[in-house]
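Have a go at each task before you read its solution.

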Amino acid sequence: MGPRPPRTEPRLVKKPDPKPGARALKARVKKKRGLKASSRRWLERHLNDPYVHRAKADGYRSRAAFKLIEIDDRQKLLKPGARVIDLGAAPGGWSQVAVQRIGSDPTAPTVVAIDYLDMDAIVGVSFLKMDFLDDDAPERLLEALGGAPDVVLSDMAAPTTGHKRTDHIRTMHLCEVAADFAIQVLRPGGHFLAKTFQGGTENDLLTRLKQNFASVHHVKPPASRDESVELYLLAKGFKGRQDERL
Ligand SMILES: C[S@@+](CC[C@H](N)C(=O)[O-])C[C@H]1O[C@@H](n2cnc3c(N)ncnc32)[C@H](O)[C@@H]1O
């Protein structure tokens with residue numbers, strides 16, 4: 001590994017208030033015609049969310065960046081020199097954090113991100129604008145990375161339809177496809193982190209992960225809102241592919 005490239009992305013100086021709900025509400029959104037009560041509540045929560053303010057101040061593209069920061073501070077997934085695949089990356093908060101922590105080389109990026117939405121370029125990230133569920137996505141990701149990843153991250157979430165059960169099933173499907181991908185491509189010793197929902201992880205998936213990783217558990221970082229059913233599934237220490245384990 002060569003010298004670490006200059007830091008091109010913002011550094012987290014101080015952790016935001018870990019209990020956003022504990023702060024008194026400041027901004028209020030006036031009751032206007034055309035804005036549903038639920039949208040008004042969302043907007044008020046967003047305007048008063050310390051993670052949103054901190055993300056802006058620190059140059060992160062999303063408050064989601066803090067979820068990965070908090071998980072990685074505890075779990076140490078992103079080691080300098082590691083290769084990372086970021087599934088469902090837009091607008092790019094997780095990719096920014098990955099670049100900082102592994103020290104991705106701007107001239108030969110070791111972070112590859114994919115999303116079907118546009119994402120503004122990030123120094124140290126190769127971005128593929130495509131659907132991860134496309135048949136050729138796995139091959140394209142590996143090609144862009146130039147080898148097997150040490151870490152597969154997935155913050156993919158299906159677009160909300162307003163029907164909770166449907167949204168839940170779609171996001172769980174993304175989590176399962178991401179897990180299968182991780183099992184097929186990770187380097188031995190690698191890690192897999194993916195968004196899931198409380199009570200959503202199917203037993204089959206847990207069993208498959210437990211067979212393939214040294215440890216499997218759920219994590220809920222403080223930046224993930226208490227009222228949200230969102231959770232992260234963390235599988236550490238990939239054992240290697242079955243046929244290579246002899
Ligand atoms: C919660 S956002 C990710 C936020 C990101 N981690 C960050 O820190 O900025 C979820 C993303 O998953 C993407 N997504 C959902 N399904 C996808 C798919 N099949 N292929 C690629 N991206 C997908 C969405 O377009 C969305 O941008």
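Some ground rules: residues are numbered from 1 along each chain as its sequence is written. This is a predicted model, where local features need pLDDT of at least 70, side-chain atom pairs count only at pLDDT 80 or more, and totals for chains, interfaces and linings use all residues.

**Exercise 1. Find which residues of the largest nonpolar core touch the most other members.**

A nonpolar core is a set of buried Ala, Val, Leu, Ile, Met, Phe, Trp, Tyr and Cys residues joined through C-beta atoms within 7 Å. Buried means 20 or more other C-beta atoms within 10 Å of a residue's own, exposed means 12 or fewer, and partly exposed is in between, with C-beta atoms placed from the backbone.

Step two: look at the 57 residues of this core; A65, V84, V152, A178 and A179 touch the most other members. Helix α6 (residues 164-185) gives the largest share, seven residues. (Helices are DSSP runs of H or I with at least four residues, strands are E runs of at least two, and both are numbered from the N terminus.)

Step three: zoom in on V152. Leaving out residues up to four places away in sequence, V152 touches I85, A178, F181, A182, L186 and F192; contact here means C-beta atoms, placed from the backbone, within 7 Å.

**Exercise 2. Work out which residues come closest to the ligand.**

Two or more shell residues come from each of α4 (93-102) and β2 (111-115).

**Exercise 3. D115 and D131: buried or exposed?**

Step one: check the record. The unreviewed UniProt entry puts its "binding site" annotation on G92, W94, D115, D131 and D155; positions follow the numbering used here, feature names are shortened, and annotations may be inferred rather than shown by experiment.

Step two: D115 sits in strand β2. It counts as buried because it has 22 C-beta neighbours inside 10 Å. Beyond four places in sequence, D115 touches G88, A89, A90 and K129.

Step three: D131 is in the loop between β3 (125-129) and α5 (137-145). D131 has 11 C-beta neighbours inside 10 Å, so it counts as exposed. Its contacts outside four places in sequence are Y116 and A137.

Notes
Two residues are in contact if their C-beta atoms, placed from the backbone, lie within 7 Å. A residue is near a molecule or strand if its C-beta atom, placed from the backbone, lies within 6 Å of it.
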